[in-house]
Amino acid sequence: MTKSKVNRIILCIIDDVRASQFFHLINKGLLPNFKSLMENGIYSKNCVTDFPAITYPTQVSIITGTYTGDYRTEQCHGIPLSNWMGRDYNPPLIRNYGSTKLEIYKMNEDMGRGCQTLCEMIPEGNKTSITQFINRGVDYFFPNRKIKLIFYYLLINYHKNIKTIIKYVNNVVVHKLLENFRRPTKFFETNEAPICSLIWFLTSDVLMHRYGNSNFLYKLNLLHIDRVIGKLIEGLRELGYLEDTAIAITADHGNYKANRVGNLDNINKILGLSNYHYRRNINGNMNISEFGGLGFFYFKPKNLDGKNSWNYPSIEELQKFGPKKINLFDKLFKIEGTKLMYYKDKSNTYQKGRIFLKRKVGKEDYINGRIEYRGIGKEMQTRYIFENNNKKDVFGYYKNNRASKYLNGRFHSIEECLEATNHLDFPLYPDLLCRHFKNPRSADIILSTEGVIIYNIQHGIRKSNSLYSHDIGARKSSIVPLIISGSNEIPKKEIAFCKITDIVPTLLKLLGSNSAENIIGKSLI
Ligand SMILES: [Zn+2]
């Protein structure tokens with residue numbers, strides 16, 4: 001095997017950037033450093049993120065090159081959402097990675113051993129993470145103490161001069177990383193520059209949720225991130241590392257603006273249910289773990305053994321649920337703005353199962369469909385089936401010639417699904433939904449308003465009045481930019497479409513490593 005000239009890789013995630021907006025700013029000449037990276041490497045304007053388009057799990061999928069699934073048995077990761085409920089605990093585990101309890105530190109453990117991070121896949125050399133919390137296998141991590149993290153968190157969220165702070169936080173990322181290259185012995189046991197570096201710019205997400213993506217500050221921040229990336233490139237060149245380093249730039253998800261923030265205050269009364277709350281000791285029978293434009297509903301079935309355990313309800317039970325014996329598949333559509341519903345069959349296993357889909361098209365009129373899956377990991381296949389809807393399907397693929405060929409009732413691989421749907425709304429959804437529902441930590445019923453109304457709920461509680469979010473399947477939310485550049489050894493080419501799990505195998509290939517065989521993504525080279 002000929003040795004590749006790329007000896008180091010840097011994986012940079014800029015939080016909350018739409019592909020279309022990013023490349024538009026490049027075309028206008030506003031991101032000169034990203035432009036130069038793009039022109040001298042591989043890039044794609046059409047990289048499909050995970051379901052749901054939420055910070056975690058999408059970043060975990062990027063860094064592990066795999067998706068979620070049944071993490072107990074499959075090669076996959078265990079993070080279905082940023083807010084989820086673990087039913088294998090009594091009382092159930094309530095997870096919120098954004099909480100001030102710093103549960104973000106639990107993510108490396110929650111991911112499970114069915115996956116490896118990019119750093120774990122590289123056996124030798126120093127590995128570092130600057131502000132990236134998905135970092136199992138690193139030798140150095142900044143912020144290295146929890147107290148520093150709390151300081152950063154407070155700084156970003158509460159400091160009066162936001163412009164100064166975002167500049168400071170962006171600068172720290174690159175400054176610290178260059179320090180790792182400049183003085184390795186200060187951070188590592190050996191005097192060797194890091195072979196693998198993970199970095200995360202989170203300022204873009206903070207600003208997007210606060211002001212939206214057309215706001216001046218949001219755009220200005222992207223210009224600033226371009227500038228600090230310029231400093232990184234310059235620093236690597238001065239130190240003599242640029243020629244043997246591959247730098248990947250991507251985002252975890254895009255974004256959208258809702259028309260209105262909805263109100264769910266009456267929902268419990270209407271359904272006759274109460275939201276479980278672990279601190280207030282409310283022993284509820286429902287938990288809305290998160291609801292932006294996508295709502296994730298967990299239901300507690302009847303207690304047959306008298307214990308407080310949240311088992312998995314059957315479809316029959318959800319059809320006459322709770323003290324009012326309501327049919328949740330009808331009643332949940334009464335939540336304002338609800339257009340789509342997804343739910344799983346209780347008898348599903350990690351090897352085989354069915355996901356049911358409903359789209360509301362009139363007052364009492366629905367398009368129904370289902371996805372069936374078989375197989376595990378990268379061998380999983382799906383088929384997407386109509387249910388007598390005048391040839392219309394839930395995701396609207398029927399309108400598109402290329403995608404409609406995929407709707408032939410046969411089983412297809414993830415690559416075939418990507419090929420058929422990468423250019424549409426709900427890209428790769430049939431495959432991604434099955435993987436999501438395989439995770440035992442997934443919800444029972446998922447709703448979508450398609451972003452018209454958002455609720456900003458976390459574990460039953462409304463958290464903000466922001467109109468800006470990023471969870472839905474529309475392209476503005478689901479398509480992210482990708483550039484892999486740096487060393488002249490990297491080919492110059494545009495990739496028409498790809499998926500976020502292709503980034504890790506591409507970087508490993510550049511590094512000359514063949515340890516990517518079990519992951520779902522494939523090399524773009
Ligand atoms: Zn994010």
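At what angle do the axes of helix H2 and helix H10 cross? Select residues 32-39 for H2 and residues 216-239 for H10: their axes come within 7 Å and cross at roughly 60 degrees. Helices here are DSSP runs of H or I with at least four residues, strands are E runs of at least two, and both are numbered from the N terminus. Axes are lines fitted to C-alpha atoms, for helices over the stretch in contact, with angles from 0 to 180 degrees between N-to-C directions. H2 and H10 are therefore oblique to each other (under 35 degrees is roughly parallel, over 145 roughly antiparallel, 65 to 115 roughly perpendicular, the rest oblique).

This is a predicted model, in which local features need pLDDT of at least 70, side-chain atom pairs count only at pLDDT 80 or more, and totals for chains, interfaces and linings use all residues. Residues are numbered from 1 along each chain as its sequence is written, and side-chain values use heavy atoms, without hydrogens and water.

Next, display the side chains between the helices. Pro 32, Asn 33, Phe 34 and Leu 37 of H2 are in contact (heavy atoms within 4.5 Å) with residues of H10 including Leu 222, Ile 225 and Asp 226.

Then select the zinc ion. Asp 15 (OD), Thr 55 (OG1), Asp 252 (OD) and His 253 (NE2) are its protein donors, at 2.0 to 2.2 Å (N, O and S atoms within 2.8 Å of the metal, or 3.2 Å for Na, K and Ca; water is not among the atoms, so sites may look incomplete). Asp 15, in the loop between strand S1 (8-14) and helix H1 (19-27), and His 253, in the loop between strand S8 (245-251) and strand S9 (256-257), are 238 residues apart.
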